[in-house]
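Have the picture open beside you as you read.

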Amino acid sequence: MREETIKEIEGFHGHMCPGLAMGIRAAEIALDRVGKHAVDEEVVAVVETDMCAVDAIQYLTGCTFGKGNLIHRDYGKNAFTFIRRSDGKSLRVVTTPQAWGEPDSEHAKLFAKVREGQATPEEKEKFRTNHAARAREILSAPIDRLFEVKEVDVLAPKKARIHTSLACEDCGEMVMETRVRKFGGRNLCIPCFDKLETRQ
């Protein structure tokens, strides 16, 4: 991948990190074996995590929530399925246990301090440098060390549809008709439905 493209992805995400690098590599597999950047909805990405990798996948494949061809399943797995609608070709790309490299206790301690807001400026800089170096290792690692890649037999989700919006009869905000909940004969959005249901 061109260095300019990597810099663009880093700019889109906000920083370079191992998770973003993992997404770049997963997207490379998708682009090579499933298809080019999704101009519309030809390629679908189903992601099983909401971590940094998803930004790289979105940026490189063109799969987006707005087009309905980026689907999040909150399983907490670094697993990504790419589907080509035209013929159903589908790949599941899953990070291997060794994908993240050898455990590094110093890096883990720094990460904990940064996350808890207790790191000094020097420790923050050391963490960023270490994190970027780990990302660079991922960007140059052999694919078979990073991922298990296998063809799978899955159906592509339906194409995105535009639905009518209705006003919630409690808060007044517009809600897609497919997400309306009925409560006492009234059309409610999910948050208003949940509030009323918990009071019963």
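## Strand 1 and its partners

Strand 1 and strand 3 (residues 79-84) run antiparallel and are joined by five bridges. Here, helices (H or I, at least four residues) and strands (E, at least two) are DSSP runs numbered from the N terminus, and two strands pair if DSSP finds at least two bridges between them. One facing couple to look for is Val-46, which stands opposite Thr-81 in strand 3. On to another partner: strand 1 runs parallel to strand 2 (residues 70-72), with three bridges between the two. There, Val-47 stands opposite His-72 of strand 2.

A quick word on the ground rules. This is a predicted model, so to speak of local features takes a pLDDT of at least 70, side-chain atom pairs count only at pLDDT 80 or more, and totals for chains, interfaces and linings use all residues. Residues are numbered from 1 along each chain as its sequence is written, and side-chain values use heavy atoms, with hydrogens and water left out.

Is strand 1 (residues 43-47) mostly covered or mostly uncovered? Mostly covered: five of its five residues are buried, where buried means under 20% relative accessible area, exposed over 50%, and partly exposed in between (1.4 Å probe, protein chains only). Both faces are hidden, with Val-43, Ala-45 and Val-47 buried on one side and Val-44 and Val-46 buried on the other.

Ser-90 sits in strand 4 (residues 90-95). Ser-90 counts as buried because its relative accessibility is 2%. Its side chain reaches the backbone oxygen of Gly-88 at 2.9 Å. Neighbours within four places in sequence aside, Ser-90 is in contact (heavy atoms within 4.5 Å) with Phe-82, Ile-83, Lys-150, Glu-151, Val-152 and Val-154.

Thr-96 belongs to the loop between strand 4 and helix 4. With a relative accessible area of 12%, Thr-96 is buried. If you skip residues up to four places away in sequence, Thr-96 touches Asp-144, Arg-145, Leu-146, Phe-147 and Glu-148. Now look for Leu-196: it is 100 residues from Thr-96 along the chain, and their C-alpha atoms are separated by 44 Å.

## Ile-138 in helix 5

Ile-138 is part of helix 5. Its relative accessible area is 2%, so Ile-138 is buried. Which residues does Ile-138 contact, leaving aside its neighbours within four places in sequence? They are Pro-18, Ala-21, Met-22, Arg-25, Ala-99, Trp-100 and Leu-146.

Rolling a probe the size of a water molecule over the atoms shows where empty space is left. On a 1 Å grid over the protein atoms alone, a cavity is a set of points where a 1.4 Å probe fits but cannot get out, while a pocket is an open set with protein on both sides within 12 Å along at least five of seven lines; lining residues have an atom within 4 Å of a point. The largest pocket holds about 330 Å³ of space. Its lining has 13 residues, and Gly-68, Ala-160, Arg-161, Met-176 and Arg-179 are the closest to its centre.

The second largest pocket has a volume of about 210 Å³. Among the residues lining this second largest pocket are His-15, Cys-52, Trp-100 and His-131. Helix 2 (18-33), helix 4 (105-115) and helix 5 (121-140) are the elements that give two or more residues to that lining. Helix 4 gives the most, with three residues.

Notes: Points joined across faces, edges and corners; volume = space filled by probe spheres on them. Polar contact = N/O pair within 3.5 Å; in protein donor to acceptor, adjacent residues only side chain to side chain.
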